[in-house]
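Subject: A structure for you to look at

Hi there,

Here is the structure I promised to pass on. Have a look at it first, and then read my notes below.

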Amino acid sequence: MASPILDRNLHIRAIDTFIDPASPKDRAIITHGHSDHARSGHGKVLATVDTIAIMKVRYGEGCTGSFQALAYGEPLDIDGVRITLYPAGHILGSAQVLIEHQGQRIVVTGDYKRHPDRTAQPFELVPCDLLVTEATFGLPVFQHPEPEVEIARLLRSLRDSADRSHVIGCYALGKAQRVISLLRGAGYEAPIYLHGAMVRLCELYEERGVPLGELRLAIDAPKSELEGAVVIAPPSALKDRWSRRLADPVLAFASGWMSIKQRARQSLVELPLVISDHVDWNELRQTIAETGASTVWVTHGREDALVYYCRQQGLTAEPLNIQGFEDNGEEE
Ligand SMILES: [Zn+2]
Ligand SMILES: [Zn+2]
C-alpha cells in the first residue's frame, strides 16, 4: 500500500505536520519525552499533557512556540485528517499516533512496550492498515525476562551484601521511576537515594500521580547511611567521582541491552538487570499480527530482521532508516 497521507519521514503531508521530527518544524506531534523524539524549537506541538509537562521540565517553558494537549482516545480533526493518541506503555505520557484519512488507518507507535508498568499508561492495541513500528529490540535473540525476576535478583544481592551500596545506573526519564516502582511493588519500603540528576523528573512523576515512596538525595546522606542502600544514578555517574562517596558500591545497570552479556562485561557492571521499556521480538511479532496491518514500516533499530520476517508473513514491509533516533541513548 502506498501511503498518500504519511511519507517516510513521518510527515503528514496534508496537514504539514511531522511526528517526532529531528529538526525544528512549524508543526509537530511528539510521541513521548525522550530526547531523540522530543526536541525543542518547534512552532506548535501536539502531545499528551504528561509529555508536555516533561518537555517543559527538560527544555524550559519556552521550548516550543505553543503546546496543544490532546487526551488519549480523543479524536482531533484537522483539515480532513483525524488524529487520535493512544497509550504506548513506554514511559509516562507516551503515545501512539493514529492517523485516519479517507478510510485509511495509520498507526505510528513511537516507542512502546506491553508489559504492565505502574509508571506508564498501559499500551492499547490499535487496529490499522499501515503500522509504523519501532524495532529497538527487533532480533529473535531479544526475549526480555520478567522485570519482577530481575528485581528479585537485586533484592537478593541487597540481602547478601548488606554493607554495600547498590548503585543502579538508570536513564533519568522513565527507567529510574520504573525501577523505583518495581522495587516498591516488590515490597521494598526503605528510602531510595537519588543522584541529583534524577530529582526533578521523579518529582514530576509524583505530581502526575505515580507514587515512588520515600526518596532522599544521596549527596545529603552520610556514607554510613548509604551502606546497604539503593542509589539511583545516571549511567555516566557510575564510573565518575560521584560514586566514590558510596560504600563499596555494587554497580548495577537497568537496561534492555543488559541481555547482551558482552555489553554488561564491557561496562564493568557487576549486577546487570535486564529491564526494558520496549517490546521484545515476540511482542513485536504479536503486535504486528494483532493490529491486522497489511503494511509495516520499521524504524529505530534492527529494521532488516523485522522487515524480512514481515515479508515472510506475506506483508508489505520496508525499513525507514530515519536518522536521529538513538538506539543506545536513553532509549532502553
Ligand atoms: Zn525511541
Ligand atoms: Zn523512548
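The domain bounds used here come from an automatic or database domain assignment. With that assignment, the chain splits into domain 1 (11-141 + 278-319) and domain 2 (147-273). Please keep in mind that this is a predicted model, in which local features need pLDDT of at least 70 and side-chain atom pairs count only at pLDDT 80 or more, while totals for chains, interfaces and linings use all residues. Residues are numbered from 1 along each chain as its sequence is written, and chains are lettered from A and ligands numbered from 1 in the order in which they are written.

**The two domains**

The centres of domain 1 and domain 2, taken over C-alpha atoms, are 29 Å apart. Between them, 14 residues of domain 1 are in contact with 14 residues of domain 2; two residues are in contact if their C-beta atoms, placed from the backbone, lie within 7 Å. On the side of domain 1 that touches domain 2 there are six nonpolar, five polar and three charged residues. Here Ala, Val, Leu, Ile, Met, Phe, Trp, Tyr, Cys and Pro count as nonpolar, Asp, Glu, Lys and Arg as charged, and the others, Gly among them, as polar.

**The chain as a whole**

The chain holds seven helices and 18 strands. Both are DSSP runs numbered from the N terminus: helices are H or I with at least four residues, and strands are E with at least two. The radius of gyration of the chain is 20 Å, close to the 20 Å that the globule rule gives for 332 residues, so the chain is as compact as a globular protein of that length. (This radius is taken over C-alpha atoms, and the globule rule is 2.2 Å times the number of residues to the power 0.38.)

Of the 332 residues, 47% count as buried. A residue is buried if 20 or more other C-beta atoms lie within 10 Å of its own, exposed if 12 or fewer, and partly exposed in between, with C-beta atoms placed from the backbone.

**The core**

Which residues have the most contacts inside the largest nonpolar core? They are Val179, Val231, Ile232, Ala252 and Leu273, in a core of 93 residues. Both domain 1 and domain 2 give residues to this core, so it lies between them. A nonpolar core is a set of buried Ala, Val, Leu, Ile, Met, Phe, Trp, Tyr and Cys residues joined through C-beta atoms within 7 Å. Leaving aside neighbours within four places in sequence, valine 179 touches Ile168, Cys170, Ile232, Ala254 and Ile275.

**Some strands to find**

Six of the seven residues of strand β17 (residues 295-301) are buried, so β17 is largely enclosed by the rest of the structure. Strand β10 (residues 130-135) pairs with β17 in the parallel sense over six bridges; two strands pair if DSSP finds at least two bridges between them. Alanine 135 stands opposite glycine 301 in β17. Strand β18 (residues 316-319) also runs parallel to β17, joined by four bridges, and there proline 319 is the bridge partner of valine 298.

Tryptophan 257 sits in the loop between β15 (250-254) and α5 (261-266). Is tryptophan 257 buried or partly exposed? Tryptophan 257 is partly exposed, with 19 other C-beta atoms within 10 Å.

Happy exploring!
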